[in-house]
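Thank you all for making time this morning. Please have a look at the sequence and the model on the screen, and I will then walk you through them.

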Amino acid sequence: METLMVDRVQSSLRLFMYRNALFLCERLCAEFPSELNLQLLATCYLRNNQAYCAYHILKGSKMPQSRYLFAISCFQMNLLREAETALCPANEPNAEVPNGAAGHYLLGLIYRYTGRRTCAVDHFMQALAIDPLLWAAYEELCILGAAEEASECFNDAAAFRVQQQQLSESSSQNLTIGTECQSLPSSMALGSGDTSPRHSKQLHANNTRETLSHPHGTVMVAGHPPIGGPSNISQYYTPPAVTQLSGVAPPPLCRNAQLYLNAIGGDGYTKSNVNAVIQAPRRKFVDEGKLRKVSGRLFSDSGTRRSTRLSGEAAANTNSNASQLGGNGANHFSAKSLGGLSSSSSKTNSAVLRSVTLRRGQSWANENFDEGRRSQIFYDSCADNTVTTSSMSALADGKCLEQDKMGCGISAHDSRLASGIREFLGLLRTLGEGYRLSCLYRSQEALEVYLRLSQHQFNTGWVLSQVGKAHFELVDYFEADRFFDLARRVSPYTLEGMDIYSTVLYHLEEEMKLSYLAQELISVDRLSPQAWCAMGNCYSLQKDHETAVKNFQRAVHVDSRFAYAHTLCGHEYVALEDFENGIKCYQSALQVDERHYNAWYGLGVVYLRQEKFEFAEHHFRKAFHINPCSSVLMCYLGMALHSLKRDEEALEIMEKAISADKKNPLPMYQKANILSSLERFDEALKELEQLKEYAPRESSVYALMGKIYKRLNVHEKAMFYFGIALDLKPPAADVATIKSAMEKLYLPDELEDTL
Amino acid sequence: MATESDGEEDTAGKLTGSQHLEVDDDLREMAKKAAWSVSSCKPGNGVLALRDDNLDTYWQSDGAQPHLVNIQFQKKVKLQLLVLYVDFKLDESYTPSKISIRAGDGFHNLKEIKTVEFKKPVGWVHIPLSGTDPRETFIHTFMLQLAVLSNHLNGRDTHVRQIKIYGPRPNPVPHQPFHFISKEFITYSTLK
């Protein structure tokens, strides 16, 4: 009876019938109390967004998997300390972290959010060491600024490790065909050999996509599904932040993965290996979700978005397999599509992957490991492993990796596996390098790296958003606009990066586009910080700073770990001249992400206004340290130095700024300003003459020229330039200043405050 | 800068008020940073009514003329425009007819800068604070005082429904002698 109950629960979970699963599982636990069943119950709660229930039932459990699930629940309830103790018990300093890579990753996140950066870095590194395909860990390292070069992390040694893991997993697996398998779409359609590269590719593509597609970290299918059919798919379901991660799944996952890769029957199965591999991709998704989601609703939204995005991607894909994709994209996970896989290249894999994810996305967002759980049940219940693996194999179209081919297939598999892994790692390497460079704000290099991607990988929401962001950092708002627009077309429901897009539109003063974007984002997901940031930017553009503050506060409310919302809020307070609140906001932003240079910049501006020039210089310098390529930052640093009367250094920085970005007129203007204050009028005028060519309708240039000529007592020229400045209709304050200067032109300029 | 629109003045140069509040984009409301007080008020119709963005509530004075509204800032600010909402049709003899605007550092050294007369005003009355001299678009002051010297039909007490006060926006880029107006400059002038 226990097996039966477990089976029903798992199938309910797989089919997203959470109420059913919960009820049955509670009966199961009452009837056969055991820790494993408790874990299953916790999984049901987590999937149903009831982390608090899972927390209570797992409190005090000692099994590694229970501790892991408990830690997940704590993390979701924001009880970071307890989560940490669960994963790393204080009185057992050498206990192994449950679930290997995933456990380290979760620990890393906990350390990051409790401000212990070095420990966080350490754990992310460990996670990557155990599972080199754990993209999310690498991503976190990039954000913390501590990532090594992608070629170090995703290199041959890593490939070797992955291969070892896969081999050991597969060897521990049983290939007998289980009864369950029949239900799975059998289109493994992959020859045994084919499986591995494709599998790994899909794994990879999936993973990548995962990272991309999660504005809220909702879970995304992990991919591999196409190959394995439902069971496989389930493996990679990273449940939306709240729920997932059923600890139970890993074993099955592993097995499934193995199937694809090796199709070698196995015997023992090492849980840790399995866990490592499986957890990694799953973990990634889950954590993303955890990090960013607010409620279950998010998931459904992101799910839908993802599917739309995927269909968008499918549409955008110029791949020859596009038609196939289209078919796949019709949310139809059929053997046919899988069958298509066998003959296709990796592109198709991605396509299928996409279609699978599409399908997933379209179903209820709380994807989960149903399949995995099913397999797990098999695993648990059948000591002899007659489970899923076989189903996987069966899926593989009969010509599977099976028993038949076992002998001769093995070496072929190995080599395929190896090449598959290499390709996968290659893709991760490129993306990782691009991401790392853009986190270091070496945007030009990052762009070059991204261009190395294949067409179909490039035309995905995540990559296009990253490219847009890189252009934004280079202060090239037109290009940024173009890429973000493309990203939105490819995946209209992606929210990641849209906050930056709204800032780009703000800078371009595109009111219509900005308000349209904001409306769209709100309609997609009212609970996402990006949507409220876009709204806030909309009001900010209209100079309605109070409403903007309200909107940014809402964004903060929705996700307090979203640094940019804090920063934008700070900017609005400063515009309202409420410096105290502005400083508080910037400091909150920095608490979340110390490398958020915009917040350092914001603080610098506040101190500049308050005339605390040393503080201003310190903060601008910190910002500059993080982002050394920004000409705007250099300009502000120079302005702070000028206010501190360190004019030589100021001029140096201005020169740097001018050479860093030829299109930025500000450093030249500031340079002229500094030179004129140093009474080096001729040089100043030279700069201004150049500027005149560049921006002929900028009244401040002429006004400054007039001011200089006034100092030089060349009255006609002064009048001439003041006149031009006035003609260009500057704001009233300037009009007053200029007219006043004109009046006093023929008087000796002794006691003038401004001019 | 808002100038007296045609609809606001009658032939004798007295203000009659306009339906809409029209303020230039480069002005912003300064009133939040000020401390507001009045010389006298009827309970329930106090100074808050002047700032509540509600045209149905009004301040009613309760004493001898002139009735005063004092607006005090913590530091010297540039002020450009004063806007009042008054309604002769509703308030009749409570509607102010002559207003004097004074500025200074405090109660001890207020100096009159402007006097305006109203003629049956209905709606928003915009009063620019500059003198005839274009150099003096703004007044630079710690305190502004609005004195209601007389009402229509010789009423004793007065009703004022809303007061707004505007000044120039600060330069988004700090410590600059001039504002930037061209797209090329503005794009690069701040980070967000």
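First, the conventions: residues are numbered from 1 along each chain as its sequence is written, and chains are lettered from A in the order in which they are written. This is a predicted model, in which local features need pLDDT of at least 70 and side-chain atom pairs count only at pLDDT 80 or more, while totals for chains, interfaces and linings use all residues, and side-chain values use heavy atoms, with hydrogens and water left out.

Let me begin where the two chains meet. Taking contact to mean heavy atoms within 4.5 Å, 63 residues of chain A are in contact with 33 residues of chain B. Together the chains bury about 4100 Å², 61% of it on carbon and sulfur atoms, where buried area is the accessible area (1.4 Å probe) that two parts lose on being put together, summed over both. Of the area that chain A buries against chain B, R609(A), L666(A) and E698(A) supply 13%, more than any other three residues.

There are 4 salt bridges between chain A and chain B, a salt bridge being a side-chain nitrogen of Lys or Arg within 4 Å of a carboxyl oxygen of Asp or Glu. R28(B), for instance, forms a salt bridge with E577(A), and their closest N and O atoms are 3.4 Å apart. On the side of chain A that touches chain B, the largest share, 8 residues, comes from helix α42 (residues 732-743) of chain A; helices here are DSSP runs (H or I, at least four residues) and strands likewise (E, at least two), numbered from the N terminus. Sorted by class, that side of chain A has 34 nonpolar, 13 polar and 16 charged residues, with Ala, Val, Leu, Ile, Met, Phe, Trp, Tyr, Cys and Pro counted as nonpolar, Asp, Glu, Lys and Arg as charged, and the others, Gly among them, as polar.

Now to a single helix of chain A. How many residues of helix α28 (residues 498-507) of chain A are buried? The count is 10 of its 10 residues, where buried means under 20% relative accessible area, exposed over 50%, and partly exposed in between (1.4 Å probe, protein chains only). The buried residues of α28(A) pack against several helices of chain A, including α26 (461-473) and α27 (477-490), and also against α2 (183-189) of chain B. Just after α28(A), E509(A) takes a positive phi of about 60°.

E617(A) forms a salt bridge with R621(A), the closest N and O atoms being 2.7 Å apart, and both residues lie in helix α35 (residues 613-626) of chain A, 4 residues apart, about one turn of the helix. E617(A) is buried at 9% relative accessible area, whereas R621(A) is partly exposed at 33%.

In chain B, K164(B) forms a salt bridge with D53(B), with the closest N and O atoms 2.7 Å apart. K164(B) lies in strand β11 (residues 162-168) of chain B and D53(B) in the loop between β2 (34-38) and β3 (59-60) of chain B, so this pair ties together parts that are 111 residues apart in sequence. K164(B) is buried, at 9% relative accessibility, whereas D53(B) is exposed, at a relative accessible area of 57%.
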